[in-house]
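Please keep the viewer open as you read.

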Amino acid sequence: MPPNAFSGAQLTIDLDAIAANWRALKGHLKSGAEAAAVVKADAYGLGLGAVAPALYGAGCREFFVASLDEGIALRAILPECRIYVFFGPTPEDAAEYSRHRLIPVLNDLGQIDTWRGQSQAGQGGEAVLHVDTGMSRLGLPGDEVARLAAEPERLAGLAIAYVMSHLACAEQCGHALNGAQLAEFKSALKSLGAGTTNAGASLANSSAIFLGPDYHFDLARPGAALYGLNPTPEQPNQMSEVIRLQGKILQVRRVDSSRSVGYGTAHVVERPSRIATVPVGYADGYLRSASNQATNQACGYVRGVRAPVVGRVSMDMITLDVTDIPPQHVYPGAEVDLIGGPYSVDDFAADAGTIGYEILTMLGQRYRRLYIENGKETTPWANANASRG
Ligand SMILES: *Cc1c(COP(=O)(O)O)cnc(C)c1O
């Protein structure tokens, strides 16, 4: 029995589309630049065990994760690739980076010293050096860059593969901070000089790939666009769609004027209505903030016809107004498209007051998950069986 075999909702994840998106992003890069893949947070919620091999199959050989635990998990899935870990080492866990052949991102002078100590004690010494150019989150701040430039012996014995930074506003192509960060990054690269002479440079996330070749350097680090989110929100999405969420109607009822729907009487019907209940709720990542609102009303689609979410999203269910949909199409067991097709992840995110990244990473564990690979549907269960022989 596959997991969630009887779930009233199905999440389909198109691994072919992820592979196509990686190739498309790589195709956008100037010649000589490479594309990595960011697979932190379980590949943005889509399942590291399925997504990482699909990206490897497309030709990707460099992967970024956030945490050491994610790096160890990825190493077990892909024995041959290069794995970079954004959080970087602590004195307590540095040895684990060596043990699993993980390449840390070094975010301050303390991490540089820790990793130098570890690489003298053990093998390796490869690392990525992260300089902060405007995020004020991780990475060496300007004064530490200056100090490192003055004390290059701090990098002795280390092999810096890349110097990287991260943009704060890359999805807004006209934002002044983009150019400012680019200039600061270039000047950091220049001032670091010795100790990083053999290093490449890496600046671009998904959106920054579309800011033009000045932002590409040697290695791009796309995440979101691989998973079908729009990296150019000011223009139509040019990435292939990756996820599709469908629910099955549990019940349909007539609700007469003056009655309300759901908790808190949030929706009072103004005309005799038909309401369909679908078994997907905020416990599944269908965010409660998508509850019916005067503007930005979330919706599902029944056979291509829009059905607005009315009343509050509850833990396990939503209610849709299907009054305007032909009754023969609305019955227990009928399918409702919740995400995908006419209503993208980005559309749903906007209606829930958030971004597509959060919708993907919140996708719940109760859906029946299907993967599309080489044009065929597979379940994680089928994959596990296959690998067991
Ligand atoms: C998450 C992350 C990325 C990927 O960003 P997307 O916008 O998803 O393409 C790249 N670099 C760093 C440092 C990140 O944290």
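How many nonpolar, polar and charged residues are in the shell around the ligand?

1. A word on the source to begin with: what you see is a predicted model. By class, the ligand's shell has 7 nonpolar, 4 polar and 3 charged residues.

2. Next, look at who the neighbours are. The ligand is surrounded by 14 residues, and the closest are Lys40, Tyr44, Ser206, Ala224 and Tyr357. As for the site itself, the ligand sits in the largest pocket.

3. Now zoom in on the polar side chains. Tyrosine 44 places a polar side-chain atom 2.5 Å from an oxygen atom of the ligand. Serine 206 also has a polar side-chain atom 2.5 Å from a ligand oxygen. For tyrosine 357, an N or O atom of the side chain is 2.6 Å from an oxygen atom of the ligand. On its own the ligand has 380 Å² of accessible area, and the protein covers 93% of that.

4. How many disulfides does the structure hold? The count is 0. Take cysteine 173: the closest cysteine sulfur belongs to cysteine 169 and is 12 Å away, so the two are too far apart for a bond, given that a disulfide needs the sulfur atoms within 2.5 Å.

How values were computed: Residues are numbered from 1 along each chain as its sequence is written. This is a predicted model: local features need pLDDT of at least 70, side-chain atom pairs count only at pLDDT 80 or more; totals for chains, interfaces and linings use all residues. Side-chain values use heavy atoms; hydrogens and water are left out. A residue is near a molecule or strand if one of its heavy atoms lies within 4 Å of it. A polar contact is a pair of N or O atoms within 3.5 Å; within protein, one must be able to donate a hydrogen and the other to accept it, and residues adjacent in sequence count only if both atoms are side-chain atoms. Accessible areas come from the Shrake-Rupley method with a 1.4 Å probe; for residues, only the protein chains shown count as cover. On a 1 Å grid over the protein atoms alone, a cavity is a set of points where a 1.4 Å probe fits but cannot get out, and a pocket is an open set with protein on both sides within 12 Å along at least five of seven lines; lining residues have an atom within 4 Å of a point. A molecule sits in a cavity or pocket if more than half of its atoms lie within 2 Å of its grid points. Ala, Val, Leu, Ile, Met, Phe, Trp, Tyr, Cys and Pro count as nonpolar, Asp, Glu, Lys and Arg as charged, and the others, Gly among them, as polar.
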